[in-house]
Amino acid sequence: MVTDENARTNWARPLKAMLLAGVAGMAATGAAAQTTSAGAGAEGDTAMEEIVVTALKRSTSLQTTPAAISAVTGQTLARMGVTDSQDLSKIAPGLIIRENPLGGARVTIRNIRAAGEPTVGVYYDETPIIGSSGVTNDSGSSTPDIRLFDVDRVEVLRGPQGTLYGAGSMAGTVRILFQQPKNNLYEGQITAQAADTAHGGHGGEVQGMVNLPLIENRLAARVVAFYRDRDGYIDDSTLHLKNVNDQSSKGGRLMLRFTPSERLTLGAMAVVQTTRASINNWSLSAGPFDANYATLQPYDDDLHLYSLSAKWDLDFATVSANASYSRREMAYNYDFSTYFTYVAGRLASGSAGQQLALSQAPSTAYSPQVTDTYTQEVRISSREGGPLQWTAGVYNSRREGDIDSYVVAADKATGRMMTPLTEAATTAGGVTRPANVYYHRSVDDVLKQTAVFGEGTLSLGSKVDLTVGARYFDYKKSVVGAVLVGNTLIGSAASAPALYKTQEDGWVSKLNLSYKATHDILVYGEASQGYRPGGVNQVIGLPASLAPYQSDSLWNYELGTKTAWFGRRLTLNVDLFRIDWKNMQVTGTTGTQSNGSTFSFISNAGDARSQGVEFDANYQPMAGLQLQLSGSYIDAKLMSNQTSSVLNAPGLKGDKIPYVPEATLQGSIQYGWALSDDLQASVRTDVTYNSTSWTQFRRTNATLQKLPGFATVGARAGLESRGGGWSASVFVSNLFDELGLVEKGNSVIYGSATAVRAVSVTPRTIGFDLSKRF
């Protein structure tokens, strides 16, 4: 039994505190030194690099954009060792990315977190990436993991982006912008990495890029490919297996850029990514990294994404169009044996029901699902310059989900299974026969969205800008569900296909007023609105009247400032915000199996408020030394009781929103210096901190679990040629092997209401990188 998850890392806390203090101390020392020399003027090589962003659907400087935006270049991501989208929580205040126990991740900004459609939009360039709804109707929890190689920059927009980005961006947007093909340059890069993870074993990866001009000044291609193999660190003491969560992934990206004239640019992109892994949860009662389950929990995720884009430069405006198609095929298993053991223990000894329950263990829940998504957007934007800048457009999308949910028998010796659709004979570790499918449910899920949007910025003189935006949206959701094989122990009988629908339309708006006090000081205020669609529950045994639920929405009120100091060697951006969240989508149950469903479902109940402060500081006191510190303090809680005539939801006024920390902190120190005319060295340290959070609204809830606050530290040291032709570095992530718990799930399907499955950050990993550009 684990009594203190962080007990084994107590020895490391003094050193971690010193590192945290060091970040702040160096920043303070540098600031003092800079103040004394500011009168002499800043040297050119110490001014902060200007970053251009396209968050407003047009190019603007990060420091002159009146919005809470963090932007990080691909070069900085590489220096931080950020190679996957799940690591992006290191780059922006208030951005939380948490691995989902059933695959994918949930992205949270400003502590707006709930089941259902995403609260944060994630984009590949111009293409929105939407998770699979699955059997839980929780597409927001299954955002795919994205490889971050050959990336130009990542932009994190905090606060609602409802007018320009629509549904799914009610709390913010994350945009991953790739390097584009260059039609006048041959170039390439190859990188290799080898690493060792504590409690596990070795791993490695290789990735490469090549840029090929095909027709000079007209057509170019950019090709990226990668392969990764990582040893697991979770064991299974029941099956006597080591490192059951091995992971391998491979994929690539092809981008074409065609410029038939100076006014017209056409683009195409194809992304393929395949992951073979296992669910990373383990049993809290068995101890860290022990998944003492009777069955294995493999997880497959295949993503195919194709997009076409066009940009046509007119005399008075620019027309942009984007169309995309994506297919995501996922399949995961999780151990269901403990549920039947739990049910057997509650039935009369020796009864027929108990014998039936015992006969269905070991078993595994298996869910294959295919999601096809089509999106189209056309917009027109004014040319740069002039007193009025504007953007208007139309948007359309259709997401189709084909989902199956099985409970099937598994081999007692190996914990393995076969796909139950296979009519194959018994094999070692496989499902014994197709007849040993204990449960089968099928769901077809379709979400259609259309929108018309516009946003304009009017300059009221040389210092004041007024921005107004609006978006009209309409969505339709339909679900066809059928239980093909029922199971009385689960509480679901066989049923014919049934159709359920829900539909809504409405408006969201935005108002922003900014004042440029000086060249280096910008102040802005904003009121903006966000929303996300409702849906239809796909839950076992739920009455038809409880299936649909409505959209929820919020208003964000924000006051911020962006400043630059000491010859732009220091940038400091701060914002205060308050978000009022109405008709929030929450999860709960009807209370008893006889009254409805054993499993949780989504309904609308109660209001919430999230308010706090965010800051982001970057300082370069001298050539080669860069300091960064950002963070947030956010108080997110219910403003009314979660009262509902159908939902047994425990939240009361004043309860904190679960799974979100009040405080986050990101800090880094990087120093580079020349060793010779041809060689330079660099060292970097990164610290990320999340405060304590809880898994339930009510602190008196019997199933409440605490997620202790934790800090992770990473370090990197490297050498590279002055021209950037090659580099070599050694690194360590999670230096102190912190047991950072990001998920504790407890449910009757895990064996009892007190059985807890935990997900934690990856243990300490040590390795080295090699990179060559040509």
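What follows is a chat about salt bridges in a predicted model.

Colleague: Before we start, what should I know about the model and its numbering?
Modeller: This is a predicted model, in which local features need pLDDT of at least 70 and side-chain atom pairs count only at pLDDT 80 or more, while totals for chains, interfaces and linings use all residues. Residues are numbered from 1 along each chain as its sequence is written, and side-chain values use heavy atoms, with hydrogens and water left out.

Colleague: How many salt bridges does a search of the whole structure find?
Modeller: The search finds 48, where a salt bridge is a side-chain nitrogen of Lys or Arg within 4 Å of a carboxyl oxygen of Asp or Glu.

Colleague: Which residue does R773 pair with?
Modeller: R773 forms a salt bridge with E187, and their closest N and O atoms are 3.4 Å apart. The pair links distant parts of the chain, 586 residues apart, with R773 in strand β40 (residues 765-773) and E187 in strand β10 (residues 187-197); strands here are DSSP runs of E, at least two residues, numbered from the N terminus.

Colleague: And is E187 buried or exposed?
Modeller: E187 is buried, with a relative accessible area of 11%, whereas R773 is partly exposed at 33%; buried means under 20% relative accessible area, exposed over 50% and partly exposed in between, using a 1.4 Å probe and protein chains only.

Colleague: Switching topic, which residues are linked in a network of salt bridges?
Modeller: The network links K57, E126, D152, R153, E155, R175, E377 and R379.

Terms used:
Helix = DSSP H or I, 4+ residues; strand = E, 2+ residues; numbered from the N terminus.
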